[in-house]
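Please give me a short briefing on this protein, for someone who has not seen it before. I would like a few lead sentences and then points grouped by topic.

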Amino acid sequence: MMYCTSRAQGATNADRRKPLVSSQSPVARLLILTALLLAILLPPAWAQKSPTPPQPSSSGPTQDYLVYVVCEAADKVALLRFGPHGFHEEHETHIGLLPVDINGPHGIAVSPDKQFVYVSVGHGRPDGSAWKLKAGTEEVVKYTALGLFPATADISKDGEFLYVANANFHGDMVPSSISVVATGAMLEVKRITTCTMPHGSRLSPDGTRHYSACMMDDMLAEIDTQKFAVSRYFMLSVGKEMGIEGAPQSQMKMADLSCVPTWAQPSNDGSEIYVACNKSDDIVVVDTASWKMVKRFPAANGVYNLAMTKDGRLVATNKRDQSVSIFDPKSGKELARLPTKRKVVHGAVVSPDNRYAFISVEGIGSDPGTVEVIDLDTLKTVATLDVPTQAAGIDIWKTEPSKP
């Protein structure tokens with residue numbers, strides 16, 4: 001309790017000991033008690049701490065992502081749903097003409113208007129085919145015959161043309177082709193000879209160029225989509241990188257192959273092409289304006305397919321390494337490498353909101369296929385789902401509000 005020290009100099013000791021406020025005053029006693037309680041209950045200003053800000057955390061999905069994957073050894077097209085309520089299969093549909101043998105669906109592309117799904121099927125009598133299905137029900141609209149083992153597929157921005165690489169995986173080592181299919185009538189309007197075992201069908205962002213990798217010729221092939229003809233090609237062999245105008249005139253000997261490219265992925269602005277060299281375990285960057293190599297940087301064992309995120313990162317599946325890599329392609333730095341549940345990692349696709357990458361994994365033997373979901377913010381695998389055997393081509397159908 002405070003005592004008065006401002007009395008006159010002649011004050012007695014008894015006077016000095018008198019309280020400043022008389023204890024006889026009820027109001028004074030109330031004020032004093034209140035002050036004491038506040039001093040006990042409230043810490044001094046210097047001891048008070050600022051509120052602790054919430055710790056950053058990666059929230060889960062806020063909407064549903066509907067994803068199509070084709071399962072090559074099971075002849076299935078599976079529709080998957082990933083969202084706040086988990087990851088599960090909506091349904092699956094059989095595809096193909098052969099009633100007993102494996103049909104082998106390999107590539108898939110969803111139309112820009114989200115109304116149709118196009119699937120390339122590898123086996124037939126004798127050739128493979130391309131199928132047009134209604135999105136959501138997978139009801140067959142029409143199909144058309146293509147070349148030997150149609151593999152990867154891509155579709156133009158207006159949805160008018162489907163480009164399918166006739167990979168000819170099981171045929172003679174002779175030049176094969178890219179089929180151009182008019183999607184309205186489902187008719188092959190052009191079969192463009194490119195090189196030996198083309199794979200990885202991707203269109204430039206402006207749609208004026210088509211790129212594919214020539215696995216058995218160590219080449220990158222470019223097609224002018226206005227002329228439906230090969231405009232340039234690029235030699236990818238280690239130490240012999242070179243861009244050449246026109247169509248290839250000769251084939252490589254298998255003993256001389258050093259790259260064995262499996263995918264050609266344009267950058268978001270189309271200024272560069274990233275090519276996965278499956279044999280040399282690296283990625284070649286080609287400048288589209290100068291048609292020269294910018295660099296080649298190391299990748300994991302058996303780098304196979306590629307996909308671009310909306311912010312310019314490169315997703316790479318590593319077929320022999322049982323992993324997925326995320327790169328900064330400008331520097332060539334590997335930002336993350338994530339192991340997968342099963343072996344033989346295949347395809348990759350990035351969600352429209354740039355939040356997730358969906359990865360297909362084939363598995364081996366009697367293993368089921370697998371689709372894995374990578375959070376592109378945290379660079380961590382957040383969900384895994386088993387699907388029918390040998391999961392291959394994969395594409396996003398759409399996003400929608402989450403279902404309970």
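Among contacts in the protein between residues at least 6 apart in sequence, 44% join residues at least 24 apart, where contact means heavy atoms within 4.5 Å. The structure is a predicted model, in which local features need pLDDT of at least 70 and side-chain atom pairs count only at pLDDT 80 or more, while totals for chains, interfaces and linings use all residues. Residues are numbered from 1 along each chain as its sequence is written, and side-chain values use heavy atoms, with hydrogens and water left out.

**Overall make-up**
- The protein has two helices and 29 strands; helices (H or I, at least four residues) and strands (E, at least two) are DSSP runs, numbered from the N terminus.
- Of its 404 residues, 51% count as buried, with buried meaning under 20% relative accessible area, exposed over 50%, and partly exposed in between (1.4 Å probe, protein chains only).

**Nonpolar cores**
- The largest nonpolar core holds 19 residues, of which Val69, Leu80, Phe82, Phe87 and Phe358 touch the most other members; such a core is a set of buried Ala, Val, Leu, Ile, Met, Phe, Trp, Tyr and Cys residues joined through side-chain atoms within 4.5 Å.
- At least two residues of this core come from each of strands S1 (64–71), S2 (76–83), S26 (356–361), S27 (369–375), S28 (380–387) and S29 (391–400), and S1 gives the largest share, four residues.
- Beyond its neighbours within four places in sequence, Phe358 is in contact with residues including Tyr65, Val67, Phe82, Val373, Ile394 and Ile396.
- A second, separate core has 16 residues, among them Val70, Val77, Ile95 and Val121.

**The largest pocket**
- The volume of the largest pocket is about 1100 Å³; on a 1 Å grid over the protein atoms alone, a pocket is an open set of points where a 1.4 Å probe fits, with protein on both sides within 12 Å along at least five of seven lines, and lining residues have an atom within 4 Å of a point.
- Its lining consists of 41 residues, and those closest to the centre are Asp154, Arg202, Gln265, Val349 and Asp395.
- Two or more lining residues are given by each of strands S4 (105–110), S8 (150–155), S12 (198–203), S17 (261–266), S21 (303–308), S25 (345–350) and S29.

**Residues with positive phi**
- Asp281, in the loop between strand S18 (272–277) and strand S19 (282–287), has a phi near 55°, a positive value in a residue other than glycine.
- Val344, in the loop between strand S24 (333–339) and S25, has a positive phi of about 65° although it is not a glycine, and at 17% relative accessibility Val344 counts as buried.

**Two prolines**
- Pro368 is placed in the loop between S26 and S27 and counts as partly exposed, at 24% relative accessibility.
- The C-alpha atoms of Pro368 and Leu385 are 9.7 Å apart, although 17 residues separate the two along the chain.
- Pro339 is found in strand S24 and is exposed, with a relative accessible area of 61%.

Definitions and conventions
Points joined across faces, edges and corners; volume = space filled by probe spheres on them.
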